[in-house]
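Trainee: I am new to this structure and would be grateful for a close look at its core. Please describe the part in one connected account.

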Amino acid sequence: MRDAVIENLKFEGYILEDNYAQIPEIKGVYCAYACTKNQATGKWELGDIVYFGKSEDGDSTIRARVYAHMDLNDNARSTLKEGEKLAYSYAATDNPDVCERALVAKHAELQRLANDKLTSGYVGPTVLISTSGKNQGMANVILFLTNER
């Protein structure tokens with residue numbers, strides 16, 4: 001059994017997809033939101049959470065993974081309705097695999113969540129995550145006891 005993972009994820013951002021280059025090149029996790037433009041104010045407003053992701057092993061960063069969502073066949077993009085765009089918040093962590101699994105499992109019931117993996121329940125070490133900052137719609141505390149297979 002692995003040691004428990006305890007993380008305080010402070011989410012930054014709400015970066016609109018057009019400005020993805022503003023996302024720092026860091027390791028961690030991210031959340032994609034569907035956004036709509038308020039016609040009265042001209043400002044983009046956050047909507048539903050549609051995807052949780054992570055930097056991949058090796059040299060991948062959150063920015064690189066967000067860039068991959070520009071593909072028109074991408075899971076997160078496929079949830080968008082006409083006129084919507086993606087916006088991202090992100091948090092640095094040295095445990096992106098565990099944190100992503102816990103975020104997806106905790107939020108698996110979200111109607112528009114496009115993650116096609118990790119939604120059948122949490123599998124991994126005991127994890128305690130607190131989220132703060134730019135975390136609209138996310139649980140503030142996530143706890144899963146060990147459930148490794």
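Mentor: The largest nonpolar core has 26 residues, and those with the most contacts inside it are Leu 9, Phe 52, Leu 103, Val 127 and Met 138. A nonpolar core is here a set of buried Ala, Val, Leu, Ile, Met, Phe, Trp, Tyr and Cys residues joined through side-chain atoms within 4.5 Å; buried means under 20% relative accessible area, exposed over 50%, and partly exposed in between, with a 1.4 Å probe and protein chains only. At least two residues of this core come from each of strand E1 (5–16), strand E2 (28–37), E3, strand E4 (85–92), helix H3 (96–106), strand E5 (127–133) and strand E6 (141–144). Helices (H or I, at least four residues) and strands (E, at least two) are DSSP runs, numbered from the N terminus. H3 gives the most to this core, namely six residues.

The model is predicted: local features need pLDDT of at least 70 and side-chain atom pairs count only at pLDDT 80 or more, whereas totals for chains, interfaces and linings use all residues. Residues are numbered from 1 along each chain as its sequence is written, and side-chain values use heavy atoms, with hydrogens and water left out.

H3 deserves attention next. Eight of the eleven residues of H3 are buried, so that the helix is mostly covered. The buried residues are Pro 96, Val 98, Cys 99, Glu 100, Ala 102, Leu 103, Val 104 and Ala 105. Their cover includes E1, E2, E3, E5 and E6.

Neighbours within four places in sequence aside, Phe 52 is in contact (heavy atoms within 4.5 Å) with Glu 100, Leu 103 and Val 104, among others. In soluble globular proteins, nonpolar side chains tend to be buried together.

The whole protein gives the setting. Three helices and six strands form its secondary structure, and from the N terminus on the elements run β-β-β-α-α-β-α-β-β. Buried residues make up 44% of the 149 residues. Among contacts between residues at least 6 apart in sequence, 71% join residues at least 24 apart. Along the principal axes, the C-alpha atoms fill a box of roughly 50 × 30 × 30 Å.
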